[in-house]
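Student: Hey, I've just opened this one and I'm new to it. Can you walk me through a few spots?

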Amino acid sequence: MISRVTNDLTLAEEAGEVNGFVGWSAQSASGLLYFIHDIDLDLKLIYDCMTMYERDALNDEEYIKLYYDTNMAMLNHGGLTLITKPFFSWAKRLMKTVRDAFTKDSIDRNPHDCFARSEKSVMSDKTLRTDFILLCKKHSEVESLDSINKAYEIIVPKVCHARFGSVFRQWKAENVIKHE
């Protein structure tokens, strides 16, 4: 359950959020490339170096032990995209930043623009962006800062919207009277 004020998660829950939200966002962004007639190969390279499939992770005992929890393994029927080891710590920090930026209390305090304010807060985190750039330069063949920033501008808002939506659904279930 998503807490109201604190966002303390177990290591398994953190791994689940990283692979669930960040993995989904990167895979979704990568999938959108196929609908564009002129595929941006830099973006494809970035998304590919960030993600892997379960079948690849199963051959890596360390990955399974540290980054893939039993609950996810039970729920995954082959479609889950996982975050690679080099990007996992960054993705974990991204998820903490997103969790801290948007809580049920955010909705209570400022219901009219809580999504926009929270997303702006996440997007303005310079350390997250800088670390993403460094990771991309180290683990992909992409050298274009414009391409790396473009990937960041696509993936991070997707993560925010997905996680914010999860929090909002819980808030709504607790606060909106259902009509009979």
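Student: Let's begin with Trp 24: buried, partly exposed or exposed?
Tutor: Trp 24 is partly exposed, at 42% relative accessibility. Buried means under 20% relative accessible area, exposed over 50%, and partly exposed in between, with a 1.4 Å probe and protein chains only. Keep in mind that this is a predicted model: local features need pLDDT of at least 70, side-chain atom pairs count only at pLDDT 80 or more, and totals for chains, interfaces and linings use all residues. Residues are numbered from 1 along each chain as its sequence is written, and side-chain values use heavy atoms, leaving out hydrogens and water.

Student: Where does Trp 24 sit, and what is it in contact with?
Tutor: Trp 24 is in helix H1; helices (H or I, at least four residues) and strands (E, at least two) are DSSP runs, numbered from the N terminus. Leaving aside neighbours within four places in sequence, Trp 24 is in contact (heavy atoms within 4.5 Å) with Asn 19, Lys 158 and Ala 162.

Student: OK, switching to rings. How many aromatic pairs are there?
Tutor: The structure holds 12. Rings of Phe, Tyr and Trp (its six-membered ring) pair if their centres lie within 6.5 Å; planes under 30 degrees apart count as stacked, over 60 as edge-to-face and the rest as tilted. Phe 115 and Phe 164 have ring centres 6.1 Å apart and planes at 35°, so that pair is tilted.

Student: Which parts does that pair tie together?
Tutor: Phe 115 lies in helix H8 (residues 114-123) and Phe 164 in helix H10 (residues 145-175), so the pair links parts that are 49 residues apart in sequence.

Student: And how accessible are those two?
Tutor: Phe 115 is partly exposed at 36% relative accessibility, while Phe 164 is buried at 0%.

Student: Last one: how far apart are the C-alpha atoms of Trp 24 and Leu 82?
Tutor: Those C-alpha atoms are separated by 8.0 Å, with the two residues 58 residues apart along the chain.
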